[in-house]
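Here are some exercises to work through with the model open beside you. Try each task before you read its solution.

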Amino acid sequence: MKRQRILHGVSVLGIFLALFAACTKIDYTQIAEPAYLRVFNNINYVQTMGSKDDKVPYFCMLINPKTGADGKFTGAEIVGDFLDKRDPYAPPYPSHIGNSTSLSNPEYPGKENVLVGPVLNGFDLSSWAQIPSGEIRIVFAYRPKNTVPFFELEERLRNDILIDTVINLQSKEVYTLHLLQKDFVKKDHGILLRQENFHKLPLSDSLVYVNFYNMSAKGFWEADANLKDDDYKLASFKHGIKDEMNVYMSLYESQEELSHYAATVKGYRGKFMATTTRNTSTGAVSPYVSFPLWASNHANGIRTDIWERFDFFAPGMNPVTNPFYDSDRNTGSNWAVLNCLLNGKIGLTSNENGTLLPNLLVNVHSGKDNPRTFATVNTIEVVNGRVYLTTIQRKYAPPIY
């Protein structure tokens with residue numbers, strides 16, 4: 001299955017590049033027993049007093065690298081070059097290909113035009129790349145942040161290795177690999193490989209699913225604030241969250257009134273959902289929790305305008321006993337807020353401390369309905385002072401015009 005090109009809202013230049021790519025002959029290497037892999041670089045490189053001397057974590061990923069007589073890399077079975085830090089949102093379609101003039105890739109396969117996963121049990125795996133199954137060697141090498149392909153760089157620039165390890169992948173299984181920092185003080189780094197199971201579960205298409213991970217580095221939340229990213233968009237997540245947090249969810253009826261005091265769906269104000277514990281070593285899949293797609297009494301079975309708020313509280317605290325003000329961003333890592341809105345670009349009031357990401361529901365033109373709301377399967381991951389959302393969706397009927 002070749003990489004799909006989804007051109008939602010691309011520029012004229014983006015369309016030209018996509019058409020040019022479509023006219024270019026690409027030879028795909030067939031893989032007899034593939035596994036399906038998606039890779040995220042969770043290491044950020046904001047310049048602070050504590051990180052000004054750190055290397056920029058901009059990488060080339062090599063799978064089953066080839067070496068010459070001198071032991072230096074000369075090529076690889078699969079090359080994922082220009083691997084940059086991940087985007088806050090990973091949508092349910094390969095949004096990056098044909099939609100950017102930059103070579104920097106916020107994930108793998110991302111912009112790479114490669115063989116991708118099939119539709120598996122109804123789920124579209126076009127954001128996962130096909131790679132050989134079995135025991136494979138995987139290398140992450142630092143590279144300069146320029147436009148020169150890795151194997152065209154000077155030799156002295158191709159030998160700075162962050163990770164060189166072996167992983168074992170089963171045929172036809174779905175994996176997400178995270179490159180991350182494991183210890184904030186010691187600056188130790190590593191990988192976390194997760195074998196996903198969403199495609200094997202008896203999930204209902206009338207329920208929205210989400211699970212949670214805290215993949216923050218050891219010692220991050222305790223570290224001095226001056227050592228952390230000062231991006232105001234991170235809001236209450238900037239300082240990190242404690243190693244164990246309870247997650248509560250509120251469902252709001254409409255985005256017409258963007259306030260956490262607005263009307264909520266009955267039974268869904270500050271509802272306990274899950275407990276998440278910091279983990280950077282094991283790839284265990286967190287249990288999915290769910291809520292009904294048509295939870296609102298205002299939903300008509302075609303479209304709903306609800307949005308989600310997730311409050312992360314340290315044990316012993318909850319939305320009722322919360323001692324902090326709405327504007328508090330430095331809560332001692334005891335409370336952090338995530339607001340999932342329709343497009344992730346509009347906010348609440350200026351004194352609200354929530355980080356913004358897109359809605360867990362997807363609204364698209366399908367059949368005669370424009371838009372139609374679909375349920376999804378989601379993963380929310382906290383990594384140091386940032387929070388990320390990955391959304392997976394079943395295939396849906398194409399639009400009828």
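**Exercise 1.** Which backbone oxygen lies 2.6 Å from a polar atom of the side chain of Ser 366? Once you have found it, describe the surroundings of Ser 366.

*Solution.* Keep in mind that you're looking at a predicted model.
- Step 1: Find Ser 366 in strand S19, which covers residues 362-366.
- Step 2: Look around its side chain, and you'll reach the backbone oxygen of Ala 397, 2.6 Å from a polar atom there.
- Step 3: Widen the view, skipping neighbours within four places in sequence. Ser 366 is then in contact with Arg 372, Phe 374, Tyr 396, Ala 397, Pro 398 and Pro 399.
- Step 4: Decide how hidden Ser 366 is. Its relative accessible area is 5%, and buried means under 20%, so Ser 366 is buried.

**Exercise 2.** Is Asp 84 buried or exposed, and which side chain does the side chain of Asp 84 join in a polar contact of 3.4 Å?

*Solution.* 
- Step 1: Go to the loop between strand S3 (73-83) and strand S4 (89-90), where Asp 84 sits.
- Step 2: Check the accessibility. Asp 84 counts as buried because its relative accessibility is 10%.
- Step 3: Follow its side chain to Lys 145; the two side chains are joined by that 3.4 Å polar contact.

**Exercise 3.** What separation do the C-alpha atoms of Val 285 and Asn 197 have?

*Solution.* 
- Step 1: Locate Val 285 in the loop between strand S14 (271-277) and strand S15 (289-292).
- Step 2: Compare chain and space. Val 285 and Asn 197 are 88 residues apart along the chain, yet 7.5 Å separates their C-alpha atoms.
- Step 3: List the contacts of Val 285 beyond four places in sequence: Arg 194, Gln 195, Glu 196, Asn 197, Asn 211 and Tyr 213.
- Step 4: Val 285 has 24% relative accessibility, so it counts as partly exposed.

**Exercise 4.** How many cavities of 30 Å³ or more does the structure hold, and which residues lie nearest the centre of the largest cavity?

*Solution.* 
- Step 1: Start with the idea. Rolling a probe the size of a water molecule over the atoms shows where empty space is left.
- Step 2: Count the cavities of 30 Å³ or more: there are 3. The largest has about 80 Å³ of space.
- Step 3: Look at its lining of 13 residues; Thr 176, Arg 194, Glu 196, Thr 379 and Thr 390 lie nearest the centre.
- Step 4: Trace the elements that give two or more residues to this lining: strands S10 (174-183), S21 (377-383) and S22 (386-392).
- Step 5: Sort the lining by type, and you get 5 nonpolar, 4 polar and 4 charged residues.

**Exercise 5.** How many aromatic pairs does a search of the whole structure find? Look into two of them.

*Solution.* 
- Step 1: The search finds 15 aromatic pairs.
- Step 2: One of them is Phe 150 with Phe 151, edge-to-face, at 5.1 Å centre to centre and 85° between the planes. Phe 150 is buried at 0%, whereas Phe 151 is partly exposed at 27%.
- Step 3: Phe 212 and Phe 310 are also edge-to-face, with 5.6 Å between centres and 70° between the planes. This pair links distant parts of the chain, strand S12 and strand S16, 98 residues apart.
- Step 4: Check burial: Phe 212 is buried at 5%, and Phe 310 is buried at 0%.

Terms used: Residues are numbered from 1 along each chain as its sequence is written. Side-chain values use heavy atoms; hydrogens and water are left out. Helices (H or I, at least four residues) and strands (E, at least two) are DSSP runs, numbered from the N terminus. Buried means under 20% relative accessible area, exposed over 50%, partly exposed in between (1.4 Å probe, protein chains only). A polar contact is a pair of N or O atoms within 3.5 Å; within protein, one must be able to donate a hydrogen and the other to accept it, and residues adjacent in sequence count only if both atoms are side-chain atoms. Contact means heavy atoms within 4.5 Å. On a 1 Å grid over the protein atoms alone, a cavity is a set of points where a 1.4 Å probe fits but cannot get out, and a pocket is an open set with protein on both sides within 12 Å along at least five of seven lines; lining residues have an atom within 4 Å of a point. Grid points are joined across faces, edges and corners, and a volume is the space filled by probe spheres set on the points. Ala, Val, Leu, Ile, Met, Phe, Trp, Tyr, Cys and Pro count as nonpolar, Asp, Glu, Lys and Arg as charged, and the others, Gly among them, as polar. Rings of Phe, Tyr and Trp (its six-membered ring) pair if their centres lie within 6.5 Å; planes under 30 degrees apart count as stacked, over 60 as edge-to-face and the rest as tilted.
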